[in-house]
Amino acid sequence: MKRTMKTQRLLMAGMAALLAVGISACGGDVIGEQGPTSPAPAPAAPGNPDGVTNVAQMFGPACAQLPQGGTPGSAVRAAGLGTADAITASPLLRTMTNALNQSGLAGQVNSEPGVTVFAPYDRGFTNLQQNLGQPRYDALFADKAKLTDAVKYLVVVKRYDRAGLAGAKNVTTLQGGSLKITDAGDTMNITDNAGTTAHVLCGNIPTRNGTLFLIDNVLQPRQP
């Protein structure tokens, strides 16, 4: 058990380091060379029955790597934005933003009274591109029906916080498929229908109408 916990801590530390590299690639003005300005907040317990979160309830190994305070892309700014707009404002979610816009789902994600979105950061899409190969990856984004299906699979039309997800264990997405949820120390594991598991890099990020969970892999309803 101790070896397993140590391995998991090393994995999370590695993901946080990768996210820091990804942020640097997005632009050096997002986080300065001195690193994050504040530590990652600890998760709140037991959570909120309605799934509403606040900045103090954010959790995950990479929360401190996000833009801090009231700067663009920060959780403070996201709390006042619709969920799609909060995704668009994040320097780490450029590809997710493109997918939302190309699928035509941004308006719905903004207007739903309560949503939970599992948003892969840009490196997660890079991993998908490498796994699929460039022709299949380009074909996915060129086919609006398939892209819409893929984006819907990342959206749950109910507002969940960490405690709510852990209690539900399985959630049904806007696409109609399901995701398996397991709590895992300072992160959560989200597993898709194909057996791919994504780890939460930063979760419980509040938006005006939902909750964002930044994840490290693209979850898919089926093999593309």
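**Figure 1. Threonine 207 and its surroundings in the predicted model.** Leaving aside neighbours within four places in sequence, threonine 207 is in contact (heavy atoms within 4.5 Å) with Ala78, Ala79, Leu81, Gly82, Thr83, Ala86, Arg159 and Leu212. The structure is a predicted model, in which local features need pLDDT of at least 70 and side-chain atom pairs count only at pLDDT 80 or more, while totals for chains, interfaces and linings use all residues. Residues are numbered from 1 along each chain as its sequence is written, and side-chain values use heavy atoms, with hydrogens and water left out. Threonine 207 lies in the loop between strand 6 and strand 7. Helices (H or I, at least four residues) and strands (E, at least two) are DSSP runs, numbered from the N terminus. Because its relative accessible area is 2%, threonine 207 is buried; buried means under 20% relative accessible area, exposed over 50%, and partly exposed in between, with a 1.4 Å probe and protein chains only. The C-alpha atoms of threonine 207 and threonine 116 are separated by 9.7 Å, although the two residues are 91 residues apart along the chain.

Figure 2. Seven strands form an open sheet in the order 2-1-7-6-5-4-3, with mixed pairing. Strand 2 (155–156) and strand 3 stand at the edges with a single partner strand each, so one side of each is left without a neighbour in the sheet. Two strands pair if DSSP finds at least two bridges between them. Strand 1 (residues 115–120) pairs with strand 2 in the antiparallel sense over two bridges. Within this pair, threonine 116 has valine 156 of strand 2 as its bridge partner.

Figure 3. Strand 5 covers residues 187–191, and five of its five residues are buried. In a regular strand the side chains alternate between the two faces of the sheet. On one side of strand 5 are Thr187, Asn189 and Thr191, and on the other are Met188 and Ile190; all are buried, and both faces are covered. Strand 4 (residues 178–184) pairs with strand 5 in the antiparallel sense over five bridges, and lysine 180 has threonine 191 as its bridge partner in strand 5. The hairpin of strand 5 and strand 6 has five residues between the strands, and glycine 195 in its turn has a positive phi of about 90 degrees.

**Figure 4. The disulfide of cysteine 63 and cysteine 202.** A search of the whole structure finds one disulfide, a term for a pair of cysteine sulfur atoms within 2.5 Å. Cysteine 63 and cysteine 202 form this bond, with their sulfur atoms 2.1 Å apart. Cysteine 63 lies in the loop between helix 1 (2–26) and helix 2 (75–78), and cysteine 202 lies in strand 6, so the pair ties together parts that are 139 residues apart in sequence. The torsion about the S-S bond is about 100 degrees, so the disulfide is right-handed. Both cysteine 63 and cysteine 202 are buried.

Figure 5. Threonine 211 lies in strand 7 (residues 210–215) and counts as buried because its relative accessibility is 0%. A polar atom of its side chain lies 3.4 Å from the backbone oxygen of glycine 51. Not counting residues up to four places away in sequence, threonine 211 touches several residues, among them Gly51, Val115, Tyr160 and Asn204. Asparagine 204 lies in strand 6, and its phi is near 65 degrees, a positive value in a residue other than glycine. At 3% relative accessibility, asparagine 204 counts as buried.

Definitions and conventions:
Polar contact = N/O pair within 3.5 Å; in protein donor to acceptor, adjacent residues only side chain to side chain.
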